[in-house]
Every structure is written in C-alpha cells, then in structure tokens.
Amino acid sequence: MRDIFTISLVFSTIRLATPLVWAAIGGLYSERSGVINIALEGLMLAGAFTAAAVTFYAHSPWVGLGAAGLAGALVASVLAIVCIRFKANEVVAGTGINILFLGLPGVLSGALFLSSGSTPQVPQEQLLPTLAQLVPVAPQWRIFTNVSAISMLALFIVGCTWYVLYRTPFGLRLRSVGENPEAADAAGIRVERIRYAGVVLSGVLAGIGGAYLSIGQSSLFTRNMTAGRGFIALAALIFGKWRPVQTMLACLLFGFADAVTIQMQGVVKMPSGDDVPVQFIQMIPYLVTIVVLAGFIGQSRAPGALGVPYDKEA
Amino acid sequence: MKLELRNVTKRFGAVLANDHLNITVDSGTIHAIVGENGAGKSTAMRIAYGFYTADSGEILVDDAVREIRAPRDAIALGIGMVHQHFMLVRPMTVTENIVLGAEPGSAVALDLRKAAAAIRGLSEEFRLTVDPDAIVETLSVGQQQRVELLKALYRRAELLILDEPTAVLTPQEVEEFFSILRRMRSQGKTVVIITHKLSEVLAISDRVTVMRDGRVVGSVKTRDTNAAELARLMVGREVLLRVEKSPAKPGPDVLTVRNLSVQRVNGVSFAVRAGEIVGIAGVEGNGQTELIEALAGLLPERQVTGTISFGGRDLRAVDARRRREIGIAHVPEDRHRRGLLLEFSLSENSILGVHYRPPAASGVGAMLLDKKAIDRRAEFVIREFDVRPPNPALPARALSGGNQQKLIIGREFELPPVLLLIAQPTRGVDIGAIEFIHRKIIAMRDAGCAVLLVSAELEEVTALADRLLVLHNGRIAGEVDPSLATAEEIGLLMTGGRH
Amino acid sequence: MKLRDLLFPLMAVVCAFAVGAVVVLIIGDSPLQVFSLLLGSALSWPDGIGYTLFFATPLIFTGLAVAVALHGGLLNIGAEGQLYVAAFATAWVGITFAGLPSLLLVPLCCLAAVLAGAAWAAIPGVLKARFGSHEVINTIMLNFIAVALVGYLTQYHYRIPGDPIMESAPIGDTAQIARLGSVIPGLPERIPLNVAFLLALLAAWCVYVLLWKTTWGYEIRATGQNPAAAEYGGISIRRQMVLTMAISGGLAGMVGINEVLGYRYRYYDGFSDNYGFTGIAVALLGRNHPAGVVLAALLFAVLQRGGVPVDAFTQLVSKDIVQILQALVILFVAAEAMFQWKWAGGRRQGTASGSAGAVPSAQAGTATVGKI
C-alpha cells in the first residue's frame, strides 16, 4: 500500500485529470446553455490531432495549442449548426462527430505523413512545457513545479468560468437560456447566439484538453488516443452538478482512480502471486464511471432546457 | 402610449392566425381583447411584442410606424408583455429574473445590489410586494405574477400586454390584481388584457375588441355592451352560457377516499357515488393534479398514504393498467403529455390503455394487434364523439385541441367506465366542442357513472357538479352546493377561509 | 412510406458523398477515382456481391438493434460491446459442447449469442430504469469493459497454447453453419457469405412484425414516443427500458452467429470492424424501419467492400474515408430539418405529415433521452 500512495500519485492525479477538466468545463458552457454535448470525445481528438500535426510543422507547442483550440471551435461550429439551426437530436449529432474523428485523423495523417493514423513524434523541447521549465525556481521547490503549465491553466480556467457564470451578464444569460429559453427570448436575449457561443467555447476548451494529451502528456497523436475520456469528462460534469468547482473536483476524482490503477499494476498481485491481468486494470476507470453515474445522477439537477432545441413557433 | 395594429396578417403553415387585423388601443386605457381559443388574440399581441413577425401589415406606436422584429425592439419602445405561462427562470432569484437582458453594471461585472434597490423602489410605487432575493421556484403563483409585472416595469414599459392574467388567481386575488391595474392606469400606463373571461372584461376594461377566427368582429366601449352580446360576437351565434341538466339520482358509493396524502395532497377524504358528478374547484397547484394522478395509479405507490377503495376493494395495490380494467377511466389534464401519442394515428391512440387485450389484441396470448378491430373501434369513437377530420389514419398531431380532447374522451367513455376521473376537460377547447363535451359528461352521469371532475374554470365546475369540494393547500377546505354557492363563498374557500 | 421517407435519406447520402469528395480533393486524390473504386468493386460476381452481402450481415443485425432501441426512445451505442460478448459466448458454447450433434449444438450456440447480447445490453437498461443514468454513457463504458473482459478470457483461458494470434480454440465441427457457396451454383465456398445472412433477413422481417403488428411493439413505440402517455396507458416504463435494450442487444449479438459459426469457426479477438457504430448510421439512414435498415446496410457494406481497393490503389486516401462518409451520413440525417427547409421553400409545412406508425427520426429529442 505504501508503494501506491506516494507524492507521485498526486502528480499523476493532476496529470490525468487535466484533459478531463478542460473537456468537462468546455462541456459545461455548452450544457448550461441547453445543448447536450456528447461530442467532447470527438472534439478532444480533433484538438489532439491538430496540435500534434501543427506542432510538428511549426516547431512550437503554443502554435499547436492555438491551432487545437481553433480546430475545436471549427468542429464545434458544425455541431452547433446541426443542432441549433437544424434542430437535430443533439445526442445523435454528437455521436456523428465522434465517429467522424475515429476516421478523419487517419485519413489526414495518411495524406500528410503517409502513416496509418499516428503523427510523427514531436521532439521533447517542442512539447507543452511544465511550470518548472517556464518559471525558474529554487531547487527545493522544484518538485512542486513539476506540473504542466496546461494543468495550472486549467485551474485558472475553472476559476474564470465560475466568475463568468455567476458574476457577469453573459453568464446570467447563458444560464437563463439553458433553464428556460422562452423566458430569455421574452426578455430580449438572443437565444441562438448564446447557444452558439456556448457550443463553440466547449469546442475550444475540449480541443485544448485534447492537445494536452498529444503534445503535453505524450509526444504524438495515435488513433483514438482519447479512449473514452470525453465521455468520462461528461460523467464528471454530471457528477459535478454542472457547476465549475464541483466538476473540477469530480475530474480529480476520476484522475485519482486512473492514477491508482496505474500504480497498482505490478504492485498488487492476485492471490496466486501472478500479476493482475492488465485487462482488469484497464476496466477500472470505466467501471468507476458507471458506478458514479448510477449513484449520483438522481441527485443532479440538469439545466431545465437541456437537450431541447428552441423552436419558437412550435 | 397608443398602440395600433393595421392590416396585420400572420400565417402559420396552412393556418391563417391573423387576417388583416385592425386594432386600436388608446393611451391610458385598459383594453380587453376577447375571443375563443384559437381566435388569434395571443398571436396578434405576440406580434406587437416582437415574438413573431407579421407577414404583412404595420404596427404603429403613438401614431408612428415601427419595426418590431424581436422582443428587444418592443422593450426599447416601452412595450412589455406578461405571458399566460410565466416566462421565469425558476432556479434563479427574483432580482436575476427581473434584470435578465437589462443587467446593471458592466459587461464583466453584474451589479445586483443596484438592481435590488431599483426593484424595491418599483415594488413600493406600485405596491407589488416581493422579496428580491427569493428564488422564484419558492414563490406562489400570485407572487410570480408580481415578478412578471415588475419585469416589465423595470424596463420602463408604458404599455403592458397581459395574456390570460387571471387564469391562475383566486377571486380575491383577481380583485387585488384589478386594483393594481387601476393604479397603473392612473399613472398613465396603457394596459391590454387578453382573456376569455367575459365577467372580468366587463369589470375592469374600458374598451373591448372581439376576435373570431383570426379577424376582428367587433370593438365596443365596455359600458355599452354585455356578456351575452360579447359571447355572441365571439362565437357567431347564440351561446348557451349555462348547461342544462336534470337533478342527479345518485346510487351507492363507488369511490371512497380516506385521509389520502401524496406530494401536495394533505389528507383528503371524500366519496363519489354512482350517478353523480363531484366537482373539485381550486386554484391550480393546490393538489388537484396529484389527487387525480394518485387515483389513476400514476404516482409511485410508496408515496401514497391513506386508503382508496373502489367498489369495496382497496385500490392501493392495483396498478394503472388494472385500474382501467376494473372500470376507472381517466381524462388527463394535459392531453399532449399524458393523453395522446401525437405521432401515432387516431386508430392507435384510440386503443391506448386497452391495447393489450381483446378486441384490440388477438391471437395466442393476445400478442397480435387486430388492425380491423382497432379501426372499427376508432371509427366508432370518431363518429360518436364528432372528431374531425374523421380519418383514423391521421396522426393525432394533425387535430385541433378540441378534437384531440374529444378523441380522448371518446376513448375513455367507451371503456365503459364505472368511475370517471376528468381533469380540465375543456382547456384550450373551442366553445362548440365545450358544449358537446359538457353534454357527454352529463350523459355519463345519467347512465350511472360516478364522475370526479377537476376544473380550474369556476363557471364550468359549478355548472356541471352536483356536489362541489374546494381544495386548498392539499386539503378540502369545504363543500358547497354549486347551485346555491356564490363566487365569493367559493373564492373564500379557495384561499383557505372557512365556510 | 411517403416520398419524404425515401427522399431524405437519399439526399443525406448525396450530401455526405459531396462533402467526402471535398475531403478527398483536399487530400489530393481524385474523388472520381475514389468513388468509382468504392462503389465499383461491390458489383462483381462472385467476389464483389458475395463479400458485400457478407459484410452486410452484421450491419443488418446492428442496424436492427439500434433501430429497435430508437423506437423505444433509447440510443444503444453499445452494440459493439454486445456483439463481442455474444461472439465469445457463442464460441464458448461451441467449444464446451463440441460433442453434441448439429441439430442441438447450432441452436444452442445461436441462443448463447442472443442471450449474451441481450444480457450485456440489459445492464445499461437496468441502470437507466433504476437509477436514471443515461444509456449513452453506460453503453460506451460497457463497450470498453466488454473488449477488456473478452480479451482477458481469450488470452488467459481459451487460447491454444503456443498460438501467437489472439483467438480462441476452434469450435466443434458440428457447430459450423453452412456457407451459401455450398448451395448457390457459381459461388465458391471460400467466400464467407453464410446462412447467417438469411437469418439477418428473417430478423428484419421479425422486427417489422414485432414493432407494428404486436402489442409488445406497440408498447415499445409508445414508450419511445411519449413515456408519460405510455405510463398513463398502463405501460411500465421501467420494464420497457430493460426489455427494449435486451431485444436490441439480442439482435446485436446475432453478429456472433455470422462471425463464429459461419466464418472463422472460433472467437477471433478484435474481429469487429466497427459494426456497432456503423449500425447507428445504418439505422438512422434506414429511418429505423427494417426495410430501410437492410438497404442502408447494403449501402454501407458496398462502401466497406470498396474500402479495400481504395486503401490499396489510391495514393493518399485510406479506408478511413468510409468511416468519414458514415459520420457525414449521420450528421446529414440528423440535420433533417435542412432538407425540410429546401423542400417546403423556406417554411416548415403544416402539421399533418407521415403515415400512421411514423418512425421516430433523428430529429429533436427522442422522448426518453433524458438529461446528460
């Protein structure tokens, strides 16, 4: 047990929770405005691929990061148009986006890099930096800055989101549109415009979350590298009752579960003395998600108009 | 502020909602617009508010033509609207709701304290007391209406459009509401009320415009007219404002309820006998919905305490399906939510609830649907209950509200029921269908059925019921004889006063 | 079926292909070449048609699975996991009871497929009925769990020692079902098209009868259309959720019959070429009607068959283009309102539309979608 609960577990947790936080907070903007965003998975993949590909060419992770945000915004715009303008079933449309990004990166990487789905490796110095690399610090504190700049940025984004949501007119309008779009419309608010903003924002943030996966945590993009994280982020959002700080805590919980299972590999043994089969360890994050969702969804109060396209003349 | 609609026309698909309307509302008056459901009055005012845009015609504010393409434009001109179904964001506070769209402070910082101060000022000026920090969800209906009025006043509305404002108020609250309107008029504001309650029109308005089938059919000074004339203009013919019925001949108890409690119902006891109509009056939200749903078996059993016995047997362990089998029919208050499968055909809707047993189902284990038998039943119901258009293959969505209601009533009345649970039978239904439905309900009573009727329309429930119970806060506040009781007495019970 | 029911899927396909062509152009290959390879190779005899029908078989099963679930108001994204569990179960029965005669073993294996798929799908059904947690997330989670579980069983318990490939031991000879090549002249037996294809067509017909001719189907559709009204009509919503998911999973599980009993005669890890997800596109394109599902499955099978030469003969485009086309189809079908707009000249038509028993479309909010 002592081998598992170390300081590196804390950093692992932060590292694994970071993409979840970005994606989940992104999802928050969309869902608080009333648009279900099942496509977080696809948006993350879009961001991950774009970041890896662009960084390879531009030799700078920041350019890659920006491109990832842009790519997320673009894909999210498609989702927004399909769901808001054409009033599609949001879950179906989101699933379409997800399937699109099972295949599109493969086609693009085949064309650009002649590979079967992965991008070429980006050299270490061109990856997203840790705080230690950005801010020089005395040696005894260095261990605390061994965390990615993007993780710190995630914390900042959570705080920002809290402020925007509860202390600015935009946040008030966003929440009203998600609870009762008719009331917002009657008050003179442009419902569709706000929803577009919410969805596109979710694309930007989820895209950045994906970028962290490919050029922050790793050094390249591989096919389907998100492995369901977009859905886990959505579960965290529900668990966090669609509130910024609680959602972040939920993401940390999921990150923690993930980190513990990784530490367990090789440490925890079966009664027979053999290693636990890797497949069982792989299952754990997904089982945790199911249990969490089952246990807590009843207590979660979703935005009132979530999933209902606003049709004034209906 | 003077408002004029000139030659306004609006079409929704195949339906002509407004046909070259000409309406003039003089400044500083209370103007009523009356008409049946579907006459187009709400549509006309929503155009004035910018919710819809007219296909043709003009809107003039203070004799100047104005473009009103969205509520924003109307609000900027000083027009405010309070909708029939409140446009409030329930989990937010009163202040947040009032300032939504007109937030004080800057784009990066809301100044809610300034807003709360302004609201308190308005509250006092118009005597609309409400707590700015309260969460809207916790407010009573009357208080929520005050929030809606404050919303319009906060934006400096000079003209207020009120859509069916008294639908959810007790008679006493209606009086308070009228005095608020008179105060506004004395402050120079103009008020437009959309309503179908003729008695209120006569009590409060200065001028009445009557609409029918999308057209204006009359505009008169209120003191020059009366209820009968208005009703005739509304419908186009002489209208029976009171339904004829012979005295009841009640038989034994069919339904006995003792100390029933569930959700908003707080210990209710009463009985309904065969051959009588027991009416339940009360402002919506006092437990009527839950009462009927509990009796129909649609609420979770563990939440229900007390006894319900039907023909001597305990209904508590009997599920919704079985209740229908033993003769309890249910006409739900929300026909779109509970009563119909809108995408299904009339045929398929006509068997909802009996779809799993003969004659709708046949074959081994009653697994197969017998299309011929189903169509035959549907055709019978359509014919007997005057459902139009009489095509069983049409989706239920294609029918008007009144015809949908007739279909549901036909389906339930043909069970045939021993106990009939009916809630809001004529909501959103045109006058012709209302008469028809009332006659059918009385016919069921005369055939020996026990009828429990819930209605928010006082006129309807006093006209139909043989005995009248008034529900307030989930309890029976009192029982009256509907043929003798006055509106004041009933109103007193509705607000909790003792009989 | 009204004209609209046929026209819109067609327009969705055309639009999807149009966008796909743009993607190909951007990459630098010729859309004409790609599409002619994509479509052309499906039409040859015997290989083209034989393989196309073989590829269509699992897609019909998963398409039916998703369609039935959608009629019940549920979105079953878990067909992938359900078919893996089912395929393994089929193989397990085929291995464990290898000595039994065909007449017993084959039905037993088929039953295992259906029951395993149904059980795996019932889990999210129960979770939704009991806890209200959304089936989309749960089915996706169960997909990952299924793959891991079945992988574990294969690797540690059912592999032949020394076999480098992740596959199970072979099933008994008597469990195998006939290839159609043994009864159709001109069709060689090396083409894996087998009896399961006929089973798929039968299943489509059965689904049609179930949904529109039985009381059970009425209840499924009513629950999907309006759960509050279904409840009012005496239907138990919770029971419907579980049963609908079970039927859906059972249909998805039948993929195992095609794969294990008719093709590889063993469980082969990772055999599914995204059948589960393609099933979603198939169901939506086929407007959730069994006949439409069969047609849509054939279309996607054509694309899948064409993916191989596209991969081989074009410079830059890989067979992922097929997945992209599928996704585009889903998006265009979901955005159905786009076509309504064009059709009605800028304004949605009035209320009366669609025949009795109108199929739930990809349009706004299936009834039991719930909050996620």
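How many residues of chain A are in contact with residues of chain C? The legends below begin with that interface.

This is a predicted model, in which local features need pLDDT of at least 70, side-chain atom pairs count only at pLDDT 80 or more, and totals for chains, interfaces and linings use all residues. Residues are numbered from 1 along each chain as its sequence is written, while chains are lettered from A and ligands numbered from 1 in the order in which they are written.

**View 1. The side of chain A that touches chain C.** 45 residues of chain A are in contact with 47 residues of chain C (contact: C-beta atoms, placed from the backbone, within 7 Å). Two or more residues each come from helix 4 (90-113), helix 10 (229-239) and helix 12 (278-296) of chain A (helices are DSSP runs of H or I, at least four residues, numbered from the N terminus). Helix 4 of chain A gives the largest share, 14 residues. By class, this side of chain A has 31 nonpolar residues, 13 polar and one charged (Ala, Val, Leu, Ile, Met, Phe, Trp, Tyr, Cys and Pro count as nonpolar, Asp, Glu, Lys and Arg as charged, and the others, Gly among them, as polar).

**View 2. The side of chain A that touches chain B.** Here 18 residues of chain A are in contact with 22 residues of chain B. Helix 7 (169-179) and helix 8 (181-186) of chain A each supply at least two residues of this side. Its residues comprise seven nonpolar, four polar and seven charged.

**View 3. Helix 3 and helix 7 of chain C.** The axes of helix 3 (residues 47-71) and helix 7 (residues 195-213) of chain C come within 9 Å and cross at roughly 20 degrees (axes are lines fitted to C-alpha atoms over the stretch in contact, with angles from 0 to 180 degrees between N-to-C directions). The two helices of chain C are therefore roughly parallel (angles under 35 degrees). Residues making the contact include C:Phe54 and C:Phe61 of helix 3 and C:Phe197 and C:Val207 of helix 7. The contact has 13 nonpolar, two polar and no charged residues.

**View 4. Helix 13 of chain C.** The 24 residues of helix 13 (residues 290-313) of chain C should span 34 Å at 1.5 Å a residue, and the end C-alpha atoms, 35 Å apart, agree with this (expected span: 1.5 Å times one less than the number of residues). Helix 13 of chain C bends by about 30 degrees at C:Gly306 (the angle between axes fitted to the seven residues ending there and the seven starting there). A proline, C:Pro309, follows within four residues.

Note on methods
Two residues are in contact if their C-beta atoms, placed from the backbone, lie within 7 Å. Angles under 35 degrees count as roughly parallel, over 145 as roughly antiparallel, 65 to 115 as roughly perpendicular and the rest as oblique.
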